[in-house]
Amino acid sequence: MSRPDPGDHVRDDEDPSHEDFATRHAPMPIELPLDDEEASTNVSLKTQLIRFVITGGFSGLLDFGLTILLQYGLDLPFWPAKSAGFILGTTVAYLLNRRWTFRAEPSMARFASVVALYVVTYFVNVGIYTALSHAWQETLLYSFAAYVVAQGTATVINFVVQRMVIFKIR
């Protein structure tokens, strides 16, 4: 199928870049394709847990790495450094969890639910990290311990809500 010239008029009910002209929806966030087995929602709990831990470990390395780089390398305060790390880590975690861990089809309702969940876990995660960073000495070891406690709490909340609610949404 050829694309129309920019000067051609396209009717409102046609979108030449959309594969299914009968259904129109808001564009989904850009995501990387991981494999061809998308949306096989019958993934066992054990498989989901293993994949969630692998995804979380990778995302956690990105989160902690950026947090420490900004906090110690650029001398940013606790909360902006952790905020930037959290945003990077949770974005990567969502993309991997939706496509690989839970194998869920794209859904604006699901995406909105994940955003709402991440807002809640942002305040839990950054709040715990900041509180412990103020209570403990500012060293790399204590920052790592604060990160583990904050991230561990947020991870448990994320897994339970994503498995029980968000990735059950159609």
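A residue counts as buried when its relative accessible area is under 20%, as exposed when it is over 50%, and as partly exposed in between (1.4 Å probe, protein chains only). This is a predicted model, in which local features need pLDDT of at least 70 and side-chain atom pairs count only at pLDDT 80 or more, while totals for chains, interfaces and linings use all residues. Residues are numbered from 1 along each chain as its sequence is written, and side-chain values use heavy atoms, leaving out hydrogens and water.

View 1. Of its 170 residues, 34% are buried. Among contacts (heavy atoms within 4.5 Å) with a separation of 6 or more, 74% join residues 24 or more positions apart.

**View 2. Here helix H1 (residues 45-73) meets helix H4 (residues 140-164).** Their axes, lines fitted to C-alpha atoms over the stretch in contact, come within 10 Å and cross at roughly 145° (angles run from 0 to 180 degrees between N-to-C directions). Look for Phe52 and Phe64 among the contact residues of H1, and for Phe144 and Phe159 among those of H4.

**View 3. Asp75 sits in the loop between H1 and helix H2 (78-101).** Although Asp75 is not a glycine, it has a positive phi of about 60°. Most residues other than glycine have a negative phi. Asp75 is also exposed, with a relative accessible area of 66%.

Definitions and conventions
Helices (H or I, at least four residues) and strands (E, at least two) are DSSP runs, numbered from the N terminus.
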